[in-house]
Amino acid sequence: MSTAAAAAPARTGTVLADLLPASRVRDIALVAGGAVLTGLAAQVSLPVPGSPVPVSGQTFAALLVGTALGARRGFLSLALYALVGMAGVPWFAEGTAGYAMPTLGYILGMLLAATAVGALARRGADRSVLRMAGTMALGSLIIYAVGVPYLALATGMPLSRAVAVGLLPFLIGDALKAALAMGLLPTAWRLAGPRD
């Protein structure tokens with residue numbers, strides 16, 4: 001057997017969560033677990049001077065959840081996270097909750113981003129470092145494409161100011177999160193071993 005064949009992980013069309021035995025209970029647990037993981041990661045949060053948007057772990061968790069669970073479960077997981085937080089559970093960044101906050105657009109963007117990266121993962125985007133880099137970049141772009149204009153509308157600031165306080169300060173952190181995902185997910189596939 002060739003080295004490439006021996007190193008090949010599960011066939012394209014599967015995501016990491018599919019390696020677990022299939023059942024409705026599994027899917028419910030994964031969706032709920034993804035929401036809880038995102039809520040816990042959101043508590044790792046640092047304020048950014050001059051910005052209403054903190055640096056937090058929730059964006060990384062949202063993209064990780066989408067990639068590991070796939071588009072459908074990723075969407076449901078982030079929808080659960082968003083709805084429960086909007087209903088009052090204080091598990092958004094900095095322990096906030098509700099829907100009348102200028103950062104809600106980022107959470108809605110995470111829902112869409114988790115869906116997109118989950119669809120890409122089903123096509124094998126989480127199997128290599130380079131494809132994972134592109135996947136994380138696209139997910140981050142989707143989050144900002146929703147979050148920054150929402151921030152501008154919610155606060156009344158010009159879009160250029162929203163970019164300055166709601167995007168630019170986060171680019172280095174996003175690059176570090178992408179680097180972590182670029183190592184984490186392809187490694188998880190290698191550890192899972194070859195599958196038919």
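Me: Leaving aside neighbours within four places in sequence, which residues is P102 in contact with?
Reply: Keep in mind that this is a predicted model. P102 sits in the loop between α4 and α5. Skipping the neighbours within four places in sequence, its contacts are P52, Y150, L151, A154 and T155.

Me: And how far is the C-alpha atom of P102 from that of L153?
Reply: Along the chain, P102 and L153 are 51 residues apart.

Me: Is P102 buried, partly exposed or exposed?
Reply: Buried would need a relative accessible area under 20%, and exposed would need over 50%. P102 comes in at 26%, so the label is partly exposed.

Me: What about F75: which residues does F75 touch, not counting those up to four places away in sequence?
Reply: F75 belongs to helix α4, residues 71–86. Its relative accessible area is 36%, so F75 counts as partly exposed. Beyond residues up to four places away, F75 touches G70, L111 and T115.

Me: How far apart are the C-alpha atoms of F75 and L120?
Reply: These two are 45 residues apart along the chain. The separation of their C-alpha atoms is 13 Å.

Me: How do α2 and α3 run relative to each other, roughly parallel or roughly antiparallel?
Reply: Helix α2 covers residues 24–42 and helix α3 covers residues 58–69, and their axes lie 7 Å apart. The packing angle is about 160°. Angles over 145 degrees fall in the antiparallel class, so α2 and α3 are roughly antiparallel.

Me: Which classes of residue make up the contact of α2 with α3?
Reply: From α2 come L30, G34, L37, T38, A41 and A42, and they meet Q58, A61, A62, V65 and L69 of α3. Sorted by class, that contact has no charged residues, three polar and eight nonpolar.

Me: What distance separates the end C-alpha atoms of α6, and what span should its residues give?
Reply: Helix α6 runs over residues 129–155, which makes 27 residues. At 1.5 Å a residue they should span 39 Å, and this agrees with the distance between the end C-alpha atoms, 38 Å.

Me: What covers the buried residues of α6?
Reply: The buried residues of α6 include M132, M136, I143, Y144 and L151. Among the elements that cover the buried residues are α3, α5 (104–122), α7 (159–166) and α8 (171–192).

Note on methods: Residues are numbered from 1 along each chain as its sequence is written. This is a predicted model: local features need pLDDT of at least 70, side-chain atom pairs count only at pLDDT 80 or more; totals for chains, interfaces and linings use all residues. Side-chain values use heavy atoms; hydrogens and water are left out. Axes are lines fitted to C-alpha atoms, for helices over the stretch in contact, and angles run from 0 to 180 degrees between N-to-C directions. Helices (H or I, at least four residues) and strands (E, at least two) are DSSP runs, numbered from the N terminus. Angles under 35 degrees count as roughly parallel, over 145 as roughly antiparallel, 65 to 115 as roughly perpendicular and the rest as oblique. Contact means heavy atoms within 4.5 Å. Ala, Val, Leu, Ile, Met, Phe, Trp, Tyr, Cys and Pro count as nonpolar, Asp, Glu, Lys and Arg as charged, and the others, Gly among them, as polar. The expected span of a helix is 1.5 Å times one less than its number of residues. Buried means under 20% relative accessible area, exposed over 50%, partly exposed in between (1.4 Å probe, protein chains only).
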